Amino acid sequence: MGDPERVLRALLGVAWTEPALTRALTEPLGERAAEVVARLRERWPEAPTVTHAELLAEVTGLMRRIVPREPEPVWRWPVARWASLDEFARGLDLREGEPEWFADPGGWLRRAPEGRLHHYRPTWRGDRLLETPAPRLAELQRRVARRVLARIPVHPAAHGYVRGRSPHTLAAEHAGREMVVRVDVEGFFTRIGPARIAGLFRAAGYPAAVAQVLAGMLVTSTPRAVLRRAPGPPGETRRRLLDRLALPHLPQGPPSSPAVANLLAHALDRRLAGLAAAVGARYGRYADDLVFSGAALPVHGLVRRASAIAAEEGFTLRPDKTRIMPAHHRQRVTGLVVNASPAPSRREYDELRALLHNCARTGPEAQNREAHPAFREHLLGRIAWVGAGRPARQARLTALFGAIDF
């Protein structure tokens with residue numbers, strides 16, 4: 001616990017009184033700050049006039065005697081190895097004070113009025129709050145995602161935001177099954193707070209101080225003014241959402257959030273996969289959608305046990321969004337119909353074909369009614385989605401696209 005050079009920096013320029021010194025050393029030393037301050041004042045009742053090197057030597061000796069050294073990190077995965085806050089700051093090109101600024105350990109931004117100092121830009125989309133990080137924080141989160149989160153394995157049942165997996169890979173696993181059951185997790189991201197994220201980083205090998213700052217950089221607390229603008233009628237579900245948003249939580253919007261959510265759902269996935277295997281079913285998850293499929297499933301018992309497991313792992317399922325889909329009904333998983341091979345619905349195909357035809361006839365600007373900033377790319381994305389696994393559909397849609405004059 002503690003870095004002598006960091007303690008020395010905290011001491012410089014501070015009044016040589018017990019309260020001032022204790023406040024200065026609480027951040028680097030925690031509960032041991034008072035003991036170190038008492039020893040320093042025994043050694044120098046008045047402000048010392050020694051050199052910085054002499055003061056550093058005294059601080060180092062004191063910390064060796066009364067501040068237990070953290071054990072050397074045991075790294076479980078090939079993550080970036082930041083064994084101290086200084087190494088962490090250097091690894092992310094952070095200047096002095098920036099780790100604390102971005103981690104906001106005191107939560108003062110939550111209480112401050114909205115403005116340029118806030119790290120996130122909130123946007124309500126229905127009952128979901130999109131919290132988009134400012135460019136500098138977003139870049140730091142991308143670096144953490146690349147150097148740390150991407151190097152920790154996710155459970156094989158996770159298909160969302162995982163390299164090589166997609167809505168199609170999840171749908172393919174549940175295609176052509178006698179029964180498909182889909183369950184929704186309520187407030188998936190907002191159920192994850194900084195303590196759980198710090199625990200993940202601690203499990204990876206990071207010291208407590210580094211893990212806490214890392215976690216702080218990936219969470220936020222929604223300002224009260226944003227909560228007051230929440231749409232929708234009053235109700236218990238809305239109240240629970242606003243209560244969670246008011247506390248430090250994993251926001252939707254940062255580039256790191258999907259990976260964090262997948263990693264912290266590992267135990268949930270492992271247990272639900274075991275539950276599925278016990279009743280002869282398959283299990284998979286795409287973000288907050290949990291999917292089971294099989295033949296002659298004990299559906300109500302399965303959902304009841306899945307709900308209990310989710311609660312034990314810190315999540316809540318929404319009974320009102322549970323969908324039980326036998327083979328003689330349309331079975332949908334991640335927006336794809338899976339009664340046979342996975343594919344978007346015929347209606348979705350027909351709507352896109354009509355849109356492409358109208359774009360060729362009247363021009364794309366007239367058909368861009370939702371003002372997509374990159375409408376051409378938006379159409380190509382829809383063609384790829386609707387035509388996946390259906391070469392004939394893909395060819396017809398691509399031909400219609402080729403007739404559009406952009």
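This is a predicted model: local features need pLDDT of at least 70, side-chain atom pairs count only at pLDDT 80 or more; totals for chains, interfaces and linings use all residues.
The axes of helix α8 (residues 135–147) and α11 come within 10 Å and cross at roughly 125°. Angles of 65 to 115 degrees count as roughly perpendicular and those over 145 as roughly antiparallel, and α8 and α11 are therefore described as oblique to each other. The crossing in which α8 passes α11 is left-handed.

Which residues make this contact? From α8 come Leu137, Leu140, Gln141 and Val144, while α11 brings Leu214, Met217 and Leu218. Sorted by class, the residues of the contact of α8 with α11 are six nonpolar, one polar and no charged.

Helix α15 (residues 266–278) and helix α16 (residues 299–312) have axes that come within 10 Å and cross at roughly 160°. Since angles over 145 degrees count as roughly antiparallel, α15 and α16 are therefore roughly antiparallel to each other. Their crossing is right-handed. On the α15 side, the contact is made by Leu268, Arg271, Leu272 and Leu275. On the α16 side, Leu302, Arg305, Ala306, Ile309, Ala310 and Glu312 take part. The contact of α15 with α16 has seven nonpolar, no polar and three charged residues.

| Helix pair | Axes come within | Crossing angle |
|---|---|---|
| α8 and α11 | 10 Å | roughly 125° |
| α15 and α16 | 10 Å | roughly 160° |

Now for the inside of the chain. In soluble globular proteins, nonpolar side chains tend to be buried together. The largest nonpolar core here has 65 residues. Which of them touch the most other members? They are Trp82, Phe88, Val148, Ile197, Phe201, Tyr206 and Leu272. Helix α11 (residues 208–218) supplies the largest share of this core, with seven residues. Apart from this core lies another, of 18 residues, including Leu11, Trp16, Val36 and Trp44.

Leaving out residues up to four places away in sequence, Trp82 touches Trp75, Glu87, Phe88, Gly91, Leu92, Arg147, Val148, Tyr206, Pro207, Val210 and Leu214. You have met Leu214 already, as one of the α11 residues in the contact with α8.

Ala150 is found in the loop between α8 and α9 (167–173). Is Ala150 buried or exposed? Ala150 has a relative accessible area of 61%, so it is exposed. Val162 is 12 residues from Ala150 along the chain, and the C-alpha atoms of the two are separated by 9.0 Å.

Asp320 belongs to strand β6 (residues 317–326). With a relative accessible area of 49%, Asp320 is partly exposed. Asp320 and Asp184 are 136 residues apart along the chain, and their C-alpha atoms are separated by 8.8 Å.

Finally, step back to the whole chain. How many helices and strands are there in the chain? There are 20 helices and eight strands. The C-alpha atoms fill a box of roughly 85 × 55 × 45 Å, taken along the principal axes. Of the 406 residues in the chain, 46% are buried. Among contacts between residues at least 6 apart in sequence, 70% join residues at least 24 apart.

How values were computed: Residues are numbered from 1 along each chain as its sequence is written. Side-chain values use heavy atoms; hydrogens and water are left out. A nonpolar core is a set of buried Ala, Val, Leu, Ile, Met, Phe, Trp, Tyr and Cys residues joined through side-chain atoms within 4.5 Å. Buried means under 20% relative accessible area, exposed over 50%, partly exposed in between (1.4 Å probe, protein chains only). Helices (H or I, at least four residues) and strands (E, at least two) are DSSP runs, numbered from the N terminus. Contact means heavy atoms within 4.5 Å. Axes are lines fitted to C-alpha atoms, for helices over the stretch in contact, and angles run from 0 to 180 degrees between N-to-C directions. Angles under 35 degrees count as roughly parallel, over 145 as roughly antiparallel, 65 to 115 as roughly perpendicular and the rest as oblique. A crossing is left-handed if the near helix is turned anticlockwise from the far one by less than a right angle, and right-handed if clockwise. Ala, Val, Leu, Ile, Met, Phe, Trp, Tyr, Cys and Pro count as nonpolar, Asp, Glu, Lys and Arg as charged, and the others, Gly among them, as polar.
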